[in-house]
There are 2 protein chains.
Amino acid sequence: MTRIRFHQELDELKHRILAMAGMAEQAIDLSVQAYSQRDLALCQRVLNNEAAINRAEREVDEFAIDLLAMQQPMAIDLRFILAVIKINADLERVGDQAVNIAQRVMNMIELAPADLPVDIPAMAGRVRAMIRDALRSFIEGNPDLAKHVLAADDEIDRINKEAFTSLSNCMQSKPDCAVQALDALSIARNLERVADHATNIAEDVIFWVRGADVRHGAGQTLAGS
Amino acid sequence: MTRIRFHQELDELKHRILAMAGMAEQAIDLSVQAYSQRDLALCQRVLNNEAAINRAEREVDEFAIDLLAMQQPMAIDLRFILAVIKINADLERVGDQAVNIAQRVMNMIELAPADLPVDIPAMAGRVRAMIRDALRSFIEGNPDLAKHVLAADDEIDRINKEAFTSLSNCMQSKPDCAVQALDALSIARNLERVADHATNIAEDVIFWVRGADVRHGAGQTLAGS
């Protein structure tokens, strides 16, 4: 494989992981919309789309591994391919979270609507912005934007903790809402995990572009330089 | 680097990932012991050990990536190194689950003991067996043992669903136990996620040894042949 051909293949890999990302983003959007509208058909669409996301994950993985096997990539290309392999796994897990949310919503639809002390759509909006920024930092190779994503994650953790407190209080004071509150609590936690995956993606972008491993604060000096 | 030297480095990589695995296993054991004994000091040990697990993850990752960068590994060695990179990420997440469990236990210790309809130690025992088998399948390069782990995961999902049902019923019938029940429910879910990580490790072993991607049932024909 010539270097030019190899770079065409890297572009193809980027194209494929972005298609995969689009599927994962759509799954989250549909599941949150299903929550807001109590719409069973939207839940079903999320469940039906899972197989396609899983298939896309396998195909991206195989493509990336074939590239590693056929070429001896330079340092930055090697890091790019490894970053894609990791981002791919995170996107598949975002899809899993969408399925979890859809299943909770299906449970909630069977119950009487409850007035719950949590704003799931607002939380989802922030999480979606994190995914969008993480993916844009990947497309642009922009580590500064990726660092924004890392900062936003702390805010989501705080919102999730607040939701936990208010919903568990609600369970005690209004036992007849306990199941709905538990479902909402699960959905908040699923969104918090989506934010974790966005954070992982941002870290992988920084690793790729800068060669620094920023996980668990290890690269803070480097990343800040 | 000579081929002999390269294989020594692969052995060193295996040695390091197994040391990492030992730390993750210990974290889960301590957190479950903390639950059984309502022991705050054990919780604290889990929290204190997290930084060491995160550091070990980074070191294994860097070592694996250096090996990929310095050598052009043959197909099976390439798959081995990629499997280690993925297993490493799963083990770090097992450590995160142990921290989540310890935090829940710390919450429970502050409350009056409640008689909850869930057997966490029994569930934990099954999950621990899955991790042990997944790691043994890795050490022995034994895909048959890895397939056992995949089968065991369905059982854990069933146990977790049962725990969810019985604990959410308990929350409604005994609102004064709602917070403890919610903590136990979180712990059951954390254990279920540990089982998912054991499953991922088993899949990575099969990928390494057989070159088949068994995720999401894709390689069932191959894996069964």
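Modeller: The contact takes 22 residues from chain B and 22 residues from chain A, two residues being in contact if their C-beta atoms, placed from the backbone, lie within 7 Å. This is a predicted model, in which local features need pLDDT of at least 70 and side-chain atom pairs count only at pLDDT 80 or more, while totals for chains, interfaces and linings use all residues. Residues are numbered from 1 along each chain as its sequence is written, with chains lettered from A and ligands numbered from 1 in the order in which they are written.

Colleague: Which helix gives the most to the side of chain B that touches chain A?

Modeller: Helices are DSSP runs (H or I, at least four residues), numbered from the N terminus. On that side of chain B, α2 (40-70), α3 (75-109), α5 (143-173) and α6 (178-210) each supply at least two residues. The most, seven residues, comes from α2(B).

Colleague: How are α1(B) and α4(B) oriented?

Modeller: Axes are lines fitted to C-alpha atoms over the stretch in contact, and angles run from 0 to 180 degrees between N-to-C directions. Helix α1 (residues 3-37) and helix α4 (residues 120-140) of chain B pack at about 175 degrees, with their axes 11 Å apart. Angles over 145 degrees count as roughly antiparallel, so α1(B) is to α4(B) roughly antiparallel.

Note on methods: Angles under 35 degrees count as roughly parallel, over 145 as roughly antiparallel, 65 to 115 as roughly perpendicular and the rest as oblique.
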